[in-house]
Structures are given as C-alpha cells and as structure tokens.
Amino acid sequence: MRILIAEDDLASRTFMLKFLSEYGECDVTVDGMEAVEAFMMAHSMKQPYDLICLDIMMPKVDGLKALQVIRQLETQQNVPEDKRAKVIMTTALNDTEIVRDSFDNGCEAFAAKPIDTAKFIKVMQNLKVI
C-alpha cells in the first residue's frame, strides 16, 4: 500500500509515519501544497496513493482545500470511484461543520487527535486498505 501523510506538526507527523509504516510505503509532506504536489507526482509516475491522511489545519493550503484539489484531479484524470485514494482527515478541532465539509468534499473517514491507533486500524479495515 502507498500512503501519503500530510501533517505540519512534527510530533504528529513522526507518530503517523511510525504507525503507518507498518502498513505500507509512506511519503510525508508538511502542508497541503506539498500534499497536492506529491499526489500529482505519484499519479504521473503511475504509482498513486491508496491512502491519504490529511491534517485539516496546515499552512499554505489547508487539508480541506488539498482534498478538493485531489478529488478534482482524480475527476480530470478519469480515475474510477473504486480506484480513488481513500482519504482520512485528521484534526485536533472539534467542529462538526468542518467534519461535514470534509465528507462533502470527498473524504471517507475522520480521525480526531490524538490518534487512537486501534480505532484508526478499524477505519483502515473498513476502507479495505488493510
């Protein structure tokens, strides 16, 4: 499995990388702009991501905007629904409007920080990426 982790907080980024490395090859970015660039590069190399973990609050481009761009790019590239990256949004915020916006923009799941690894594994199983 190919995994993209977009997280600006060093501690969270380190934790996610260590945790998710057990399940696949991980690339890490520190903001939404880098996440979109990594997504485009992976597609151009014919090695798309299976799972993308996007922090909502990031500099330059936030996770919601990055998600919108990623879904637009998948649509432009005619990626079938069942082949699109599974996206899990992560955040320390407790805002139902942001959660709703995330799902409206195409994420499959939402994980609150601090990440509960047992719940995260269950989400990945439900998404059929593991």
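The following legends describe close-up views of a predicted model.

Residues are numbered from 1 along each chain as its sequence is written. Because the model is predicted, local features need pLDDT of at least 70 and side-chain atom pairs count only at pLDDT 80 or more, while totals for chains, interfaces and linings use all residues; side-chain values use heavy atoms, with hydrogens and water left out.

**View 1. The open sheet of five strands.** The strand order is β2-β1-β3-β4-β5, and the pairing is parallel. β2 (25–29) and β5 (109–112) form the edges, each pairing on one side only. From one strand to the next, the twist averages 20°. Strands (E, at least two residues) and helices (H or I, at least four residues) are DSSP runs numbered from the N terminus, and two strands pair if DSSP finds at least two bridges between them. Axes are lines fitted to C-alpha atoms, for helices over the stretch in contact, and angles run from 0 to 180 degrees between N-to-C directions.

**View 2. The pairing of β1 with β2.** Strand β1 (residues 2–6) is joined to β2 in the parallel sense by five bridges. R2 has E25 of β2 as its bridge partner.

**View 3. Helix α5 on the sheet.** Helix α5 (residues 117–126) packs on the sheet and touches β3 (51–55), β4 (86–91) and β5; contact means heavy atoms within 4.5 Å. The direction of α5 makes about 160° with that of β4.

View 4. E7 is located in the loop between β1 and α1 (10–20). Its relative accessibility is 2%, so E7 counts as buried (buried means under 20% relative accessible area, exposed over 50% and partly exposed in between, with a 1.4 Å probe and protein chains only). The E7 side chain reaches the backbone nitrogen of D9 at 3.0 Å. Leaving aside neighbours within four places in sequence, the contacts of E7 are S12, R13, T29, V30, D55, M58, T90 and K113.

**View 5. The packing of α2 against α3.** The axes of α2 (residues 32–44) and α3 (residues 63–76) come within 9 Å and cross at roughly 20°. The two helices are therefore roughly parallel to each other (angles under 35 degrees count as roughly parallel, over 145 as roughly antiparallel, 65 to 115 as roughly perpendicular and the rest as oblique). The crossing of α2 past α3 is right-handed, a term used if the near helix is turned clockwise from the far one by less than a right angle, and left-handed if anticlockwise. On α2 the contact involves G32, V36, F39 and M40, and on α3 it involves A66, V69, I70, L73 and E74.

View 6. The peptide bond from K113 to P114 is cis, with omega near 0°, and P114 lies in the loop between β5 and α5. K60, in the loop between β3 and α3, has a positive phi near 65° although K60 is a residue other than glycine. K60 is exposed, with a relative accessible area of 73%. K128, in the segment after α5, is likewise not a glycine and has a positive phi of about 60°. The relative accessible area of K128 is 71%, which makes K128 exposed.

Conventions:
Polar contact = N/O pair within 3.5 Å; in protein donor to acceptor, adjacent residues only side chain to side chain.
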